Amino acid sequence: MEAERQLSVEAEAIFREGVALVLSRWSALQLAVDNEWGGRDSRRKSEQLAADVFSWFTQSKEVLYIDDLEDILNEAMLSLNTVTEDGSIEEVAEKLMFMNEECLNGDFQSVESLREANHRRVALPHVKQVNDDDDDDDDNERDDTLENDGPSNMMVDTPESQSNSNPVDMTDNKPTPKPVAKTEDGWEVVGPRRSKGKRN
């Protein structure tokens with residue numbers, strides 16, 4: 001049986017960063033956190049996963065098996081109400097095992113490449129907004145989770161100063177919101193949606 005190898009103090013700090021980088025690039029985990037599928041404390045659960053994984057690698061006195069790491073990752077995803085069947089748990093576990101082995105040998109190349117990739121990465125939303133005008137109203141979704149990286153295809157209420165202007169001058173081959181009539185109690189009457197060939 002080979003002697004137990006431990007990370008040096010420097011390697012521990014770099015490995016901790018590497019664990020966080022790998023988990024930050026895991027799409028399934030980030031979707032669960034961003035959309036709060038595990039509740040309001042989804043971000044805390046994600047941070048706890050990083051701490052648990054790091055602790056498993058550094059505190060375990062037994063031989064480390066990838067199956068055990070996969071179980072830790074799977075349980076964390078289940079706590080976020082997320083079932084992953086895309087093989088990403090196995091992929092993340094493999095990357096973490098490989099990174100740990102490198103750090104034990106004093107080789108930090110995989111962490112360094114993740115750092116560089118993280119600096120080059122442009123923040124893009126994982127889920128893009130689609131304007132299909134169907135009747136599925138998801139009023140309980142959080143709009144602040146969508147990143148504004150381009151023109152939005154959402155209808156925006158026109159300020160009153162513009163809505164009182166001449167609506168005939170606003171024809172530019174783009175669909176525009178219909179003028180909105182206000183009732184006495186402050187509510188706005190909104191016209192019917194445009195049908196895309198759907199008729200009842």
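**Glu91 and the Rest of the Chain**

Visitor: What is the relative accessible area of Glu91?
Guide: Glu91 has a relative accessible area of 45% and is partly exposed. Buried means under 20%, exposed over 50%, and partly exposed in between, with a 1.4 Å probe and protein chains only.

Visitor: What kind of structure is this, and how are residues numbered?
Guide: This is a predicted model, in which local features need pLDDT of at least 70 and side-chain atom pairs count only at pLDDT 80 or more, while totals for chains, interfaces and linings use all residues. Residues are numbered from 1 along each chain as its sequence is written, and side-chain values use heavy atoms, with hydrogens and water left out.

Visitor: Back to Glu91: which helix is it in?
Guide: Glu91 belongs to helix α5, residues 88–104. Helices (H or I, at least four residues) and strands (E, at least two) are DSSP runs, numbered from the N terminus. The C-alpha atom of Glu91 is 9.3 Å from that of Glu70, although 21 residues separate the two along the chain.

Visitor: How many salt bridges are there?
Guide: The whole structure has six salt bridges. The term means a side-chain nitrogen of Lys or Arg within 4 Å of a carboxyl oxygen of Asp or Glu.

Visitor: Which residue pairs with Glu17?
Guide: Glu17 pairs with Arg115, and their closest N and O atoms are 2.8 Å apart. Glu17 is partly exposed at 30%, and Arg115 is partly exposed at 24%.

Visitor: What else is Arg115 linked to?
Guide: Glu17, Glu112 and Arg115 are linked in a network of salt bridges. Between Glu112 and Arg115 the closest N and O atoms are 2.7 Å apart. Both lie in α6, three residues apart, or about one turn of the helix.

Visitor: Which residues of α6 are buried?
Guide: Ser110, Val111, Leu114 and Ala117 are buried in α6. Seen down the helix axis, the buried residues fall within an arc of 125 degrees, so they line one face of α6. The arc is taken over the directions from the helix axis to the C-beta atoms. These buried residues pack against α1 and α5, while Gln109, His119 and Arg120 are exposed on the other side.

Visitor: New topic: how many residues does the largest nonpolar core have?
Guide: The largest nonpolar core has 32 residues, and those with the most contacts inside it are Leu23, Trp26 and Leu73. Its largest share, seven residues, comes from α1. Such a core is a set of buried Ala, Val, Leu, Ile, Met, Phe, Trp, Tyr and Cys residues joined through side-chain atoms within 4.5 Å.

Visitor: And what does Trp26 touch?
Guide: Leaving out residues up to four places away in sequence, Trp26 touches Leu49, Leu73, Met77, Ser88, Ile89 and Val92. Contact means heavy atoms within 4.5 Å.

Visitor: What is the mean pLDDT of the chain?
Guide: The mean is 76, and 60% of the residues reach 70 or more; pLDDT is the predictor's confidence in each residue, from 0 to 100. Over residues 125–131 the pLDDT stays under 50, and over residues 139–150 it is below 50. Where pLDDT is low, the predicted coordinates should not be read in detail.
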